[in-house]
Amino acid sequence: MKILVKRIYEPADEADGFRVLVDRLWPRGMSKARAALDLWLPDLGPSTELRKWFNHDPTKWDEFCCCYQAELKENKVLVEELKGWAKERPMTLLYSAKDEAHNQAVALRSFLLRQKEGLQQKRRDVAEEVQGLKEEKCRTEPGKDRCRRSLGSMERRLMKRQAPVQNR
């Protein structure tokens, strides 16, 4: 998953891939043609209250990220759509703030990448658990064909138990 972050006032480039504006408000002085967007997701931007409170104050950055991530967790449908697009091709999250280090696109990118890492870690944990069960089962019942069949069902049960909750 390749996710870039770019200020919307910078010229569009082929390397941007799928361009998504994640500001709640349309950027000042930016025409739709010049923005060269593939998608605008205003509801994925921070809430008006959070945006006004943060006011791009770097001293509030950590708390802003925490609050914004809580909002993102409540907006599962849009987050899942965004992750789906990011899996298919490079994606650039666009923002209009002047601060390149402290804005919602940076926080959103971090959130998406951490979710990906978390899912990969869950998969590794499940694989280790399944391997341990296979070794234990085969030690207690060596050479039995039913061992292989029951391990497949155990693996499916573990994957279901570890799978993230999909759109509710």
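Student: Is glutamate 80 buried, partly exposed or exposed?

Tutor: First, the ground rules: this is a predicted model, where local features need pLDDT of at least 70 and side-chain atom pairs count only at pLDDT 80 or more, while totals for chains, interfaces and linings use all residues. Residues are numbered from 1 along each chain as its sequence is written, and side-chain values use heavy atoms, leaving out hydrogens and water. As for the classes, buried means under 20% relative accessible area, exposed over 50%, and partly exposed in between (1.4 Å probe, protein chains only). Glutamate 80 is partly exposed because its relative accessibility is 30%.

Student: Which residue forms a salt bridge with glutamate 80?

Tutor: The general idea is that side chains of opposite charge can pair when their charged atoms come close. The cut-off for a salt bridge is a side-chain nitrogen of Lys or Arg within 4 Å of a carboxyl oxygen of Asp or Glu. Here the partner is lysine 83, with the closest N and O atoms 3.0 Å apart. Helices (H or I, at least four residues) and strands (E, at least two) are DSSP runs, numbered from the N terminus. Lysine 83 counts as buried because its relative accessibility is 14%.

Student: How many salt bridges does the structure hold?

Tutor: Five. One of them joins aspartate 16 and lysine 6 at 3.0 Å, N to O. That pair links distant parts of the chain, ten residues apart: lysine 6 lies in strand 1 (3-7), and aspartate 16 in the loop between strand 1 and strand 2 (18-21). Both residues are buried, and Lys6, Asp16 and Arg19 are linked in a network of salt bridges.

Student: Where do the side chains of strand 2 point?

Tutor: In a regular strand the side chains alternate between the two faces of the sheet. Phe18 and Val20 point one way from strand 2, Arg19 and Leu21 the other, and all are buried. Two strands pair if DSSP finds at least two bridges between them. Strand 2 runs parallel to strand 4, joined by four bridges, and leucine 21 has leucine 94 as its bridge partner there.
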